[in-house]
Amino acid sequence: PDQISRCGLDSFSGEDWRHLLIVTGKFEDRCRAMDKWPLLSGDDWVVLLSYRPELSMFCDWQKAKLAAPRNVVDLLALYPEFAPNYDLTLLDGWSTGYLVSQQPKFAEKCDLGKLDDKRQWLSLLYYQPQFANQCDRVKFNIRQDEWDEVLNGKMPWPDVFSPGVGVYDAL
């Protein structure tokens with residue numbers, strides 16, 4: 001107890017609390033008792049839940065809805081059960097492609113028409129070739145050799161949907 005009081009938890013920011021809760025796996029009782037949950041921003045919540053989903057009962061979902069789309073899709077790729085808290089039709093092209101590449105069941109709730117470049121489509125099809133019929137090859141100038149490669153499990157371009165681009169950069 002003395003060591004904890006010397007840490008200066010009273011002066012911790014939301015980001016500090018996020019780090020403490022992720023790294024130690026402890027102190028949620030202290031955070032609650034000190035009424036520090038309101039300090040966490042939407043991105044703090046999304047990143048925290050990516051590591052500690054059991055804390056979702058304390059989450060301010062109104063704030064979490066405002067988090068950066070890359071962090072949101074990283075969370076949903078790991079924990080799809082949080083999807084009802086988000087309107088997936090609002091995601092941009094990269095976020096839509098990444099989420100569907102990791103969790104194809106979200107394709108029916110997302111707008112694949114938002115994928116707006118060749119690399120996004122090739123990366124999505126590398127992971128989920130079943131969506132090939134929804135890609136306009138002519139519009140995105142996808143050559144036949146690129147098409148064949150990606151549908152045969154070869155990535156002709158650098159993968160733009162490398163897992164963890166959002167959440168793991170945020171630590």
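## Exercises: helix packing and ring contacts

Helix 8 (residues 118–127) packs against helix 9 (residues 144–151) at an angle of about 30°, and their axes lie 8 Å apart. This is a predicted model, where local features need pLDDT of at least 70, side-chain atom pairs count only at pLDDT 80 or more, and totals for chains, interfaces and linings use all residues. Residues are numbered from 1 along each chain as its sequence is written, and side-chain values use heavy atoms, with hydrogens and water left out.

**Exercise 1.** Work out how helix 8 is oriented against helix 9, and which residues meet.

*Solution.* Start with the terms. Helices are DSSP runs (H or I, at least four residues; strands are E, at least two), numbered from the N terminus. Axes are lines fitted to C-alpha atoms, for helices over the stretch in contact, and angles run from 0 to 180 degrees between N-to-C directions. Angles under 35 degrees count as roughly parallel, over 145 as roughly antiparallel, 65 to 115 as roughly perpendicular, and the rest as oblique.

Next, apply that to the angle of about 30°: helix 8 is therefore roughly parallel to helix 9. Now look for contacts (heavy atoms within 4.5 Å). Helix 8 brings Lys118, Leu122, Leu125 and Tyr126, and helix 9 answers with Glu146, Trp147, Val150 and Leu151. Sorted by class, that contact has six nonpolar, no polar and two charged residues. The classes go like this: Ala, Val, Leu, Ile, Met, Phe, Trp, Tyr, Cys and Pro are nonpolar, Asp, Glu, Lys and Arg are charged, and the others, Gly among them, are polar.

**Exercise 2.** Is Lys118 buried or exposed, and what does Lys118 contact?

*Solution.* Buried means under 20% relative accessible area, exposed over 50%, and partly exposed in between (1.4 Å probe, protein chains only). Lys118 has a relative accessible area of 15%, so Lys118 is buried. Leaving aside neighbours within four places in sequence, the contacts of Lys118 are Phe140, Asn141, Ile142, Arg143, Glu146 and Trp157.

Ser123 is also in helix 8. Ser123 is buried too, at 0%. Not counting residues up to four places away, Ser123 touches Met155, Pro158, Asp159, Val160 and Phe161.

**Exercise 3.** Describe the ring pair of Trp94 and Phe161.

*Solution.* A pair of aromatic rings is described by the distance of the centres and the angle of the planes. Rings of Phe, Tyr and Trp (its six-membered ring) pair if their centres lie within 6.5 Å; planes under 30 degrees apart are stacked, over 60 edge-to-face, and the rest tilted. The structure holds eleven such pairs. Trp94 and Phe161 come out edge-to-face, at 5.8 Å centre to centre with 70° between the planes.

Then place the partners: Trp94 is in helix 7 (residues 93–102) and Phe161 is in the loop between helix 9 and helix 10 (167–170), so the pair links distant parts of the chain, 67 residues apart. Trp94 is buried at 11%, and Phe161 is buried at 0%.

Finally, check for a charge over the ring (NZ of Lys or CZ of Arg within 6 Å of the ring centre and within 35 degrees of the ring normal). The charged end of Arg70 sits over the ring of Trp94, 4.0 Å from its centre.
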